[in-house]
Amino acid sequence: MACPERARIFRDGQGSAVSTIERQELTDQRRKKLRAITELGFEPYPRTYHCTHTIPQVLAEYSLRPAEELERDRPRVRVAGRVMTMRPHGKAGFAHLAGGGQRLQVYVRLDAVGERHFELYKLLDLGDLIGVEGYMFRTRTGELTVHAEQLQFLAKALLPLPEKWHGLTDVETRYRQRYLDLMVNPEVRQIFERRAKLVEAIRQFLNAEGFLEVETPMMQPLAGGAMARPFVTHHNALDMDLYLRVAPELYLKRLIVGGFERVYEINRNFRNEGISTQHNPEFTMLEFYQAYADYEDMMRLSEQLLRHVAQKVLGGLEFDWAGHRISLAKFERLTMREAIVKFWPPEAGRGPTLADLAEPKNVFPWIDVYNSWAAAASGSQTLTLDRGTAPGAAVQALFEVLAERHLIQPIFITEFPLEVSPLSKQKPDDPNFVERFELYIGGMEIANAFSELNDPAEQRDRFEYQQMLREKGDLAAHSIDEDYIRALSYGMPPTGGEGIGIDRLTMLLTDSRSIRDVILFPLLRPQKSAD
RNA sequence: GGGCCGGUAGCUCAAUGGUAGAGCACUGCCCUUUUAAGGCAGGGGUUCUGGGUUCGAGUCCCAGCCGGCUCACCA
């Protein structure tokens with residue numbers, strides 16, 4: 001058995017001396033117990049344990065069976081799990097085993113398991129993994145319990161579990177050591193089970209609609225498809241810089257050109273931007289594209305998709321989020337400019353009318369009006385625009401500051417300004433705006449979709465405008481993707497495309513306030529170690 | 001990156017500038033249907049780090065590290 005006697009001491013991020021497995025007193029005690037267990041003739045790290053049931057299976061099969069029936073049949077089980085509680089009583093004792101997100105009680109008594117196995121029971125620590133063979137019964141208090149006849153030691157917890165009553169609440173430790181969080185906080189496990197179910201429901205829905213799931217590059221020579229700063233990496237053999245993708249969009253549309261008329265991808269995007277409760281540098285995005293469709297079709301599809309997911313995951317269309325009751329029964333629609341008019345704060349005086357906003361450039365005086373009010377009003381943020389901000393970008397900025405937090409119930413915000421939408425098709429009757437929408441739920445942007453621009457000449461103009469922004473220092477602006485223009489030049493059918501943020505959708509359906517609560521291992525600053 | 005709040009035993013938390021504590025966990029003893037089991041007796045601390053003020057610092061000051069919230073950027 002490899003147990004180095006010497007301590008290797010590391011320092012954690014807080015600078016305090018933290019030993020790894022090799023030092024602490026508690027660990028020493030547990031290592032001694034592991035030796036004692038070995039001396040009893042149990043393998044310290046056995047290879048396998050063949051269970052007849054998982055813990056959830058035992059509970060499902062026997063929970064409804066009355067005590068007399070169990071007493072008569074004495075059904076036998078072999079189960080395994082992690083010891084979560086121990087209540088020894090002299091020559092007998094109880095323990096709860098955790099497995100599959102549930103707990104099952106085990107009763108161990110000397111006269112039933114014999115000397116050697118009872119010694120093992122006494123040497124167990126909270127957190128150890130064991131197997132139990134015995135028969136089902138109910139205790140005096142009625143709890144379904146395995147009456148053990150054999151114990152099998154499976155693995156030792158050398159480190160102590162967090163406190164059994166309060167659990168683990170320190171947020172940093174929960175994220176850094178998610179395995180501990182999962183062990184002791186059952187609701188955390190449920191969030192990730194629900195997330196998996198959600199993704200499964202999406203696949204189910206899209207597959208049934210005839211969409212093909214594909215995988216496109218996550219390392220790209222050009223980072224396109226979204227306005228975001230990319231991560232850069234380097235391929236040694238080719239001696240070339242590559243970008244981690246900010247979106248799969250341009251590749252998926254190449255597939256539409258190639259004749260896959262309905263495709264989707266669920267995978268990670270990487271954006272080198274700030275971190276917040278709604279942003280993790282890597283996040284999961286669903287994108288889907290449908291040929292011979294437009295953004296109106298995408299709205300209809302979004303509603304169907306989200307309802308399907310909610311039905312599968314929640315069993316209904318309503319859920320609570322951040323103290324709001326949200327219903328997916330109805331999706332509202334407003335144009336971006338209508339939202340500005342509607343959510344203009346009355347205290348700020350007369351706001352713009354739709355006619356006032358007909359021309360995007362007319363938004364600037366209204367931003368001044370808003371700012372002079374917001375500067376005086378407490379709690380309202382003013383809007384600062386960089387010099388040379390395009391009119392359309394200003395419209396979007398005003399929309400975000402006025403309306404976003406009010407958009408709790410599902411609502412499609414349509415008609416985005418041209419300048420902030422380099423890949424969307426213009427509205428035929430108003431070329432300053434495009435056929436695009438974003439779906440807001442719970443004050444968060446959940447989806448973004450548009451009628452895909454398929455005119456290669458127009459696309460080149462848009463890219464050139466983006467290039468100009470880049471040269472002016474906007475690192476999130478698009479680069480010109482010549483091959484994408486070439487693909488469009490072969491002819492892309494009219495296409496509707498959409499992206500849905502899986503993490504945010506999961507936040508909604510699990511009532512999570514932070515994106516970190518729906519990502520198993522969110523990015524944190526690494527802890528420093530110094531030996 | 002800015003602002004606010006925080007970091008004390010393995011975990012959850014206390015502690016007017018005056019001897020660092022409790023509960024759980026841990027160790028020993030008792031206990032054959034308990035369940036936050038119980039009873040008795042114990043062990044465990046670089047109070048995030050480094051400076052400073054003070055007779056004396058967990059507490060006050062400065063710098064740093066880490067985290068949370070929030071703003072900015074973004075989805």
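Let's start with a pairing: strand S3 (residues 76–89) and strand S6 run antiparallel and are joined by seven bridges. Two strands count as paired if DSSP finds at least two bridges between them. This is a predicted model, where local features need pLDDT of at least 70 and side-chain atom pairs count only at pLDDT 80 or more, while totals for chains, interfaces and linings use all residues. Residues are numbered from 1 along each chain as its sequence is written, chains are lettered from A and ligands numbered from 1 in the order in which they are written, and side-chain values use heavy atoms, with hydrogens and water left out.

- S6 (residues 129–138) is mostly covered, with eight of its 10 residues buried (buried means under 20% relative accessible area, exposed over 50%, partly exposed in between, using a 1.4 Å probe and protein chains only).

- Three strands make an open sheet in the order S9-S11-S10, with antiparallel pairing.
- S9 (219–220) and S10 (232–235) are the edge strands with a single partner strand each, so one side of each has no neighbour in the sheet.
- Two bridges link S9 to S11 (residues 240–244), and Met219 has Leu244 as its bridge partner in S11.

**Arg30, a buried charge**
- You'll find Arg30 in helix H1 (residues 25–39).
- Arg30 is buried but has no salt bridge, and the nearest side chain of opposite charge, Asp125, is 4.1 Å away.
- A salt bridge needs a side-chain nitrogen of Lys or Arg within 4 Å of a carboxyl oxygen of Asp or Glu.
- Leaving out residues up to four places away in sequence, Arg30 touches several residues, including Asp125, Lys156 and Pro160 (contact means heavy atoms within 4.5 Å).

**The whole chain**
- Chain A has 15 helices and 21 strands (DSSP runs of H or I with at least four residues, or of E with at least two, numbered from the N terminus).
- Of the 531 residues in chain A, 49% are buried.
- Among contacts between residues at least 6 apart in sequence, 66% join residues at least 24 apart.
- Along the principal axes, the C-alpha atoms fill a box of roughly 85 × 55 × 55 Å.

Terms used
Lys, Arg positive; Asp, Glu negative; His and termini not counted.
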